[in-house]
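Reader: Hi! Could you walk me through the side-chain contacts in this one?

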Amino acid sequence: MISFTLSFIALVIGYFVYGRIVERHFSPDFSRPTPAAAHSDGVDFIKLPTWKVFMIQFLNIAGTGPIFGAIMGAKFGPVAYLWIVLGCIFAGGVHDYLCGMLSLRHDGAGVPEIVGRYLGRKARGGMLVFSVFLLLMVGVVFVFSPALILGQMCGTQPAVWVFAIFAYYILATMLPIDKVIGRIYPLFAFSLIFMAVALMAVLYIKMPQLPELWNGLHNMGTAADPGFTEQIFPCLFITIACGALSGFHATQSPLMARCIDSERHGRAVFYGAMITEGLVALVWATVAMYFFYNVPESGYALIDGPGNQGFHTAAPAVVTLVCQDWLGIAGGILAVLGVVAAPITSGDTAFRSARLIIADFLHLPQRAIAKRLQVCLPLFAAAIVLLLWQIEDKDGFNIIWRYFGWANQSLAVFVLWAATVYFVEKGRSCLITLFPALFMTAVCSCYFFVSQQMLGLPLPIGYALGFCLTAAIGVRFAFWKNVCAR
């Protein structure tokens with residue numbers, strides 16, 4: 001619990017200290033009209049109260065990410081604390097803040113427009129395809145998985161819930177943001193925060209003996225399961241995305257960039273929501289370590305049979321078991337919100353983001369409902385095809401989905417490089433984005449070469465190729481930067 005406490009304090013300090021440094025480096029203009037004022041359309045560009053913008057932003061970027069990802073990442077041991085803390089402060093918070101602020105500066109532009117502005121037209125086209133496909137994957141999977149859970153809970157066919165959830169997605173995507181999302185998101189966001197606070201209180205009451213950072217930063221999971229041989233680098237940095245750094249956030253921040261009323265609130269909304277998500281991830285990582293490693297005290301090992309079978313319990317089951325055991329009936333309700341409502345709220349904003357990205361690319365104003373339908377009809381048609389594929393062959397879509405983690409972090413790489421180019425063009429130091437950009441380039445490159453889900457090359461070869469590719473990109477950037485300086 002000492003490592004958890006120190007990590008929690010570090011995240012809070014990181015918001016007030018490093019968050020302020022990043023804000024000053026960007027130099028927000030408090031008098032500059034925001035897109036919500038300059039382009040108000042009553043649909044997507046709407047001024048909302050700052051507290052509501054924060055809550056929507058938090059739920060947009062969170063969903064189940066800081067819960068499931070943290071639980072899976074906790075299998076590595078307390079090294080997960082380091083990535084959550086350092087990732088949030090020096091990478092995730094920087095990524096989210098700069099993406100949101102660059103969207104503010106470019107009339108609420110989406111991630112393809114931002115990346116294209118600073119990395120070129122080819123990058124813009126690639127990001128369009130890449131981000132829309134990523135959002136379609138998120139939306140479709142977050143129809144099917146909650147439908148399965150609701151079907152099991154209610155004793156009904158999952159198809160009934162698939163229809164209901166998809167109908168909700170259509171409404172949330174089409175209607176003005178203040179009609180559905182603006183009304184229900186703050187409630188769900190509060191539920192996620194309340195659940196984390198309640199679990200943290202129970203942790204301090206129990207004060208369990210957990211692995212600490214000074215016990216070692218190796219993969220502790222192999223002691224519980226000799227088959228768990230994932231490499232900390234790069235696998236941990238792909239497993240824990242939301243809660244540390246996630247490219248999916250870049251597709252969500254422009255939604256709130258179109259609703260914020262002043263650049264003054266950028267740090268609280270964008271950087272602050274990322275730190276809050278990190279705090280939630282930290283709580284769930286600690287809860288998971290109690291679940292996986294404190295076997296004699298927790299008793300969870302007996303769930304699946306003798307031995308430490310609890311280590312193999314799926315993340316949604318961990319959420320349900322812990323919440324019901326620790327928080328009673330209220331915990332059960334919160335667990336439902338965590339494993340059902342949270343993914344649904346990620347799915348609807350995924351489709352909404354896809355609509356806006358496509359509309360921006362086609363230069364289609366979205367004030368008129370007919371214009372929204374022009375984008376939404378083919379978008380939902382494609383989603384239905386993917387959804388039917390997943391229902392017919394449950395392994396079919398999983399073949400695509402298992403690449404989501406890599407694709408998600410790769411998107412963050414492009415955003416970080418775009419922000420780096422922005423600072424160079426402004427004549428400012430680019431170190432606050434250059435270091436995380438290089439690090440995540442190495443992570444994604446190495447993962448692509450060594451992961452069994454990707455190329456699966458031998459580790460020495462895969463690492464050599466990944467670091468060589470990262471070095472080549474770094475050298476290319478250095479040459480470009482020198483040219484710009486002349």
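Reader: Great. What should I know about the model and the numbering before we start?

Author: This is a predicted model, where local features need pLDDT of at least 70, side-chain atom pairs count only at pLDDT 80 or more, and totals for chains, interfaces and linings use all residues. Residues are numbered from 1 along each chain as its sequence is written, and side-chain values use heavy atoms, with hydrogens and water left out.

Reader: How many aromatic pairs are there?

Author: The count comes to 29 aromatic pairs. Rings of Phe, Tyr and Trp (its six-membered ring) pair if their centres lie within 6.5 Å; planes under 30 degrees apart count as stacked, over 60 as edge-to-face and the rest as tilted. Take Trp 83 and Phe 439: their ring centres are 6.2 Å apart and their planes stand at 45°, so this pair is tilted.

Reader: Where in the chain do Trp 83 and Phe 439 sit?

Author: Trp 83 is in helix α5 (residues 79-105) and Phe 439 in helix α19 (residues 431-450), so the pair links distant parts of the chain, 356 residues apart. Helices here are DSSP runs (H or I, at least four residues), as are strands (E, at least two), numbered from the N terminus.

Reader: Is Trp 83 buried or exposed?

Author: Trp 83 counts as buried, at 7% relative accessibility. Phe 439, at 34%, counts as partly exposed. The cut-offs are under 20% relative accessible area for buried, over 50% for exposed and in between for partly exposed (1.4 Å probe, protein chains only).

Reader: And which kind of pair do Phe 166 and Phe 380 form?

Author: That pair is edge-to-face, with 5.4 Å from centre to centre and 75° between the planes. Phe 166 belongs to helix α8 (residues 158-174) and Phe 380 to helix α16 (residues 369-392), 214 residues apart. Phe 166 is buried at 9% relative accessible area, and Phe 380 is buried at 7%.

Reader: Which residues do ring pairs link into a cluster?

Author: The cluster takes in Trp 83, Phe 233, Phe 237, Phe 439, Tyr 463 and Phe 467.

Reader: Changing topic: how many salt bridges does the structure hold?

Author: There are 9 salt bridges, each a side-chain nitrogen of Lys or Arg within 4 Å of a carboxyl oxygen of Asp or Glu. In one of them, Arg 352 meets Asp 44 at 2.8 Å, N to O. Arg 352 lies in helix α15 (residues 315-362), while Asp 44 is in the loop between α2 (35-38) and α3 (50-62), 308 residues apart. Arg 352 is buried at 0% relative accessibility, and Asp 44 is buried at 3%.

Reader: What about Arg 124 and Glu 113?

Author: Their side chains meet in a salt bridge at 3.1 Å, N to O. Arg 124 is in helix α7 (residues 121-154) and Glu 113 in helix α6 (residues 111-119), 11 residues apart. Arg 124 is partly exposed at 22% relative accessible area, and Glu 113 is partly exposed at 22%. Elsewhere, salt bridges with shared partners join Arg 20, Glu 23 and Arg 267 into one network.

Reader: Which ring does Arg 267 lie over?

Author: Arg 267 lies over the face of Tyr 15, 4.7 Å from the ring centre. The rule asks for NZ of Lys or CZ of Arg within 6 Å of the ring centre and within 35 degrees of the ring normal.

Reader: Nice. What does Pro 436 touch?

Author: Not counting residues up to four places away in sequence, Pro 436 touches Phe 90, Ala 91, Leu 416 and Leu 431; contact means heavy atoms within 4.5 Å. Pro 436 is found in helix α19 and is buried, at 9% relative accessible area.

Reader: Last one: how many residues of helix α4 are buried?

Author: In helix α4 (residues 65-73), 8 of its 9 residues are buried, among them Ile 67, Phe 68 and Ile 71. Their cover includes α3, α5, α9 (181-206), α11 (232-239), α13 and α15.
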